Amino acid sequence: MNETVRERPFDLPLSTGNTDQKPVTDIKDNKMNENTQTRPFDPFIFWTSASITVLFVLWSLIFPENMNTVINAVFGWTTQYWAWLYLLTAFLLVIACFVLMGNTYGKMKLGLPQDKPEFSNFSWFAMLFGSAIAAGIVFWGPAEPAYHYMSSPPFFGGEAKTPQAAANAMTYSFFHWGLSAWAIYAMLTIPLAHACYTRGLPFKFSSAFYYVIGDKVHGIWGKILDIFAVFATLGGLATTTGLVALQLSSGLKFQYGLELGSGSMYMIIGVLTAIFTFAVYTGLEKGVKIIGDVNMYVFVGVWFFILVFGPTMFLINLTTNSLGQYIYYFLPMSLYTAPGVEGNWLGSWTVFYWAWWMSWAPFVAIFIARISKGRSIRETICATLFLPTIGNFLWYGVIGGAGIRYDVTGTLEKHGVESAIFAIAQNLPMSGLLALCLIFLISTFFLTSANSAAVSLAMFVSGHENPGRNLRAFWGIALGAVAAVLAGGGSLKAIQTASIATAFPLMFLLLLVIYGTFKGLNQYRTEV
């Protein structure tokens, strides 16, 4: 098959690109889309989301203690009373994905019958893998297994820092970065892509709910859904921005002894925000894409370097053993609510992760939908579930395994989890060069994700494929401002709460997505 390979997913046209057969839609849908295209942005969506964002930043600056009190209350209430639903939602999304793959739905195409994929398989796989593999994996990849190694997850219990503790630590890390995470993205992608390519709907978060509420996506309910998407993306990216700032600050101090002072977090976030905002304002996304391509080579290079020059056989054996445990314990881990366990382990780990993935879902689902035209549902879900999961397991198994083998737990206790990757580097040859590569990796992973997220936020409020540069710049600055007020104090809990709070309504919406997807696909089969 001859496939046209485009440079960027955002170069994709909104139309289905075929004049012989129209999408299954109605005149009302077309009129709504025409009205949307005549305005630079939707006034209700923009001013509502922008006003609340500005008010939140002002509240955080003027009343920081009150903000921290509220954050602690939100974190406690959400994780104490709703943890079970986060777990159940993620598990049901995995089940729904497997049902779609194994059923006759899997043969259905994300597009019209004559639509063909617009990217080669290799390019599609590469973009899928990079869509949500951001700086978070560089932050948690070395830190999480080491943390669980010195403090066993309550699901397994047992003595810390033993060979079995190492396998258990890696197993739970696999669980947090495995099928459940990617099922959240895959399940939202399917109704979104199907509605856009077969019904002619715009690439907005609300379009995913066309099969739930029908034409109401064009009215006030659709606007409310898109406002939720704005805040979810802000919360998810603010979390990532905060983690990146923590890790860069720690790396400069740990590796080079550079003390940036009490304002280091603001300084780092300010520099990163200025760079990606400048990129989205001036239209330098192509330059950012080139950096992202180089980033992937560095990512693979760092992984291969640590595998070869690190404890190779230990890493291979640990990864293999942990993969077996992950498969064996997947069901009980998915529904484990930590009954009788003191503290809030579940909220700090599993609930935080599921909320983080959910907060990224609107942005990532639109990205995957944009690059998956002409693919079958089975093909799209299979690639989205398994390819990134395998990539995550390989990274965690090698980088996280090295942290366990070199026992960087002392560094974590002294300097925080953000220092783990640099502690690993000091145990390897050419540690100075490796540290520079890691700093580059962290920065560029974040910049490419933030660049795309700022464009996506502008798309949410405008409905345009190419929103105006002022709109893109505003949301770039907003991302940095929200991250700064949350992470400026260096509080990991405040950063985590951003995702948990903004993902809370999305949890209920994703359950509706499961219902709407099957309903819509059944309806579409009767129409064609």
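**Reading salt bridges, a pocket and a surface patch**

The count comes to 4 salt bridges, a salt bridge being a side-chain nitrogen of Lys or Arg within 4 Å of a carboxyl oxygen of Asp or Glu. This is a predicted model, where local features need pLDDT of at least 70, side-chain atom pairs count only at pLDDT 80 or more, and totals for chains, interfaces and linings use all residues. Residues are numbered from 1 along each chain as its sequence is written, and side-chain values use heavy atoms, with hydrogens and water left out.

Me: How do I read a salt bridge, and which residue pairs with Asp407?
Reply: Side chains of opposite charge can pair when their charged atoms come close. Here Asp407 pairs with Lys161, with the closest N and O atoms 3.7 Å apart. Asp407 sits in the loop between helix H16 (377-405) and helix H17 (409-415), and Lys161 in the loop between helix H6 (135-150) and helix H7 (163-176), so the pair ties together parts 246 residues apart in sequence. Helices are DSSP runs (H or I, at least four residues), numbered from the N terminus.

Me: Is Asp226 buried or exposed?
Reply: Buried means under 20% relative accessible area, exposed over 50%, partly exposed in between (1.4 Å probe, protein chains only). Asp226 is buried at 1%. Its salt-bridge partner is Lys204, the closest N and O atoms being 3.5 Å apart. Lys204 is buried too, at 9%.

Me: What about Arg375 and Glu379: how far apart are the closest N and O atoms?
Reply: They are 2.9 Å apart in this salt bridge. Arg375 is buried at 2%, whereas Glu379 is partly exposed at 30%.

Me: How do I read a pocket, and what volume has the second largest pocket?
Reply: On a 1 Å grid over the protein atoms alone, a pocket is an open set of points where a 1.4 Å probe fits, with protein on both sides within 12 Å along at least five of seven lines; lining residues have an atom within 4 Å of a point. The second largest pocket has a volume of about 510 Å³. Its lining has 19 residues, with Phe56, Phe231, Ala498, Ala501 and Thr502 nearest the centre. Helix H21 gives the most, 6 residues.

Me: Which residues make the nonpolar surface patch?
Reply: A patch takes residues with over 30% relative accessible area and no salt bridge, nonpolar side chains being joined within 5 Å. Val54, Leu55, Leu58, Leu61, Ile62 and Phe63 make one of about 610 Å². Leu58 lies in helix H2 (residues 43-62). Leu58 is partly exposed at 40%.

Key
Patches are made of residues with over 30% relative accessible area and no salt bridge: like charges are joined within 9 Å, nonpolar side chains (Val, Leu, Ile, Met, Phe, Trp, Tyr) within 5 Å. Accessible areas come from the Shrake-Rupley method with a 1.4 Å probe; for residues, only the protein chains shown count as cover. Helices (H or I, at least four residues) and strands (E, at least two) are DSSP runs, numbered from the N terminus. Grid points are joined across faces, edges and corners, and a volume is the space filled by probe spheres set on the points.
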